[in-house]
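Thanks for coming. I'll go through one chain this morning, starting with its overall layout and then a few individual residues.

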Amino acid sequence: MKKLTLFIITLLTLALAPTCADAQALRGDATYYGNRWHGRRTSSGELYNKDSLTCAHRTLPFGTVLRVRNTRNNKEVLVRVIDRGPFRKGAIVDLSMAAAKEIDMVSAGVVPVVAEVVEDGSGMRVKEFKAYPDLQLIDVKSGALYNAADYAQAQHEERASQLRTAAIKTKAIAPYHVLLQQQRMARAQYKRR
């Protein structure tokens with residue numbers, strides 16, 4: 001009889017235990033990026049765009065999709081993790097400006113939220129959701145569509161190729177000087193941010 005009781009209790013415990021998705025619900029405060037961060041590179045290498053639905057989280061893998069719900073008004077938004085932070089005590093996510101507007105938190109600045117993992121960084125869906133498309137940029141020359149990070153990378157590679165080609169054709173400077181010049185330009189651009 002004791003074994004049967006223990007077996008039933010074990011089954012009930014397993015049946016009533018929270019699922020993996022429920023275990024990944026996070027509670028805390030949400031903040032949002034200021035306008036001065038627009039166009040800067042994030043920890044994942046992508047450029048931050050204030051009009052995209054993205055966020056920062058301290059530990060979740062890049063690419064993880066979160067459903068963030070403002071507990072004051074129950075408005076929700078789906079965001080993708082592209083950066084690390086926030087480093088403010090009690091804050092669990094740092095939202096982009098567009099995401100902050102979706103849940104009406106811009107005037108408050110900091111609001112209590114519940115964040116739930118919808119899709120992990122490897123693309124495995126934890127729960128079904130409607131995906132929001134990334135912000136698309138069009139290259140006027142080629143007509144190709146890029147997301148912000150791919151467009152910046154393409155522009156950087158095109159500029160580097162032009163510098164190398166011009167320097168080698170004119171034989172004004174040796175190819176390794178072109179690389180040094182590119183490094184100096186990158187450092188100067190980084191310092192301006």
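By contact I mean heavy atoms within 4.5 Å. Of the contacts in the protein chain with a separation of 6 or more, 65% come from residues 24 or more positions apart.

Before going further, the ground rules. This is a predicted model, where local features need pLDDT of at least 70 and side-chain atom pairs count only at pLDDT 80 or more, while totals for chains, interfaces and linings use all residues. Residues are numbered from 1 along each chain as its sequence is written, and side-chain values use heavy atoms, with hydrogens and water left out.

The protein chain has 5 helices and 8 strands; these are DSSP runs numbered from the N terminus, with helices being H or I of at least four residues and strands E of at least two. Read from the N terminus, the order is α-α-β-β-β-β-β-α-β-β-β-α-α.

Buried residues are 32% of the 193 in the protein chain, where buried means under 20% relative accessible area, exposed over 50%, and partly exposed in between.

How many aromatic pairs does a search of the whole structure find? It finds 1. The ring centres of Tyr 33 and Tyr 48 are 4.4 Å apart and their planes are at 25°, so the pair is stacked. (Rings of Phe, Tyr and Trp, the last by its six-membered ring, pair if their centres lie within 6.5 Å; planes under 30 degrees apart are stacked, over 60 edge-to-face, the rest tilted.) Both tyrosines lie in the loop between β1 and β2, so the pair ties together parts 15 residues apart in sequence. Tyr 33 is buried at 7% relative accessibility, and Tyr 48 is buried at 2%.

Asn 35 is in that loop too, between β1 (26–32) and β2 (54–56). Is Asn 35 buried or partly exposed? Partly exposed, because its relative accessible area is 49%. Beyond its neighbours within four places in sequence, Asn 35 contacts Lys 50 and Met 97. Asn 35 and Met 97 are 62 residues apart in sequence, with 7.7 Å from C-alpha to C-alpha.

Last, Thr 54, in strand β2. Thr 54 is buried, at 2% relative accessible area. Leaving out residues up to four places away in sequence, Thr 54 touches several residues, among them Tyr 48, Val 79, Asp 94 and Ala 99.

Notes
Buried means under 20% relative accessible area, exposed over 50%, partly exposed in between (1.4 Å probe, protein chains only).
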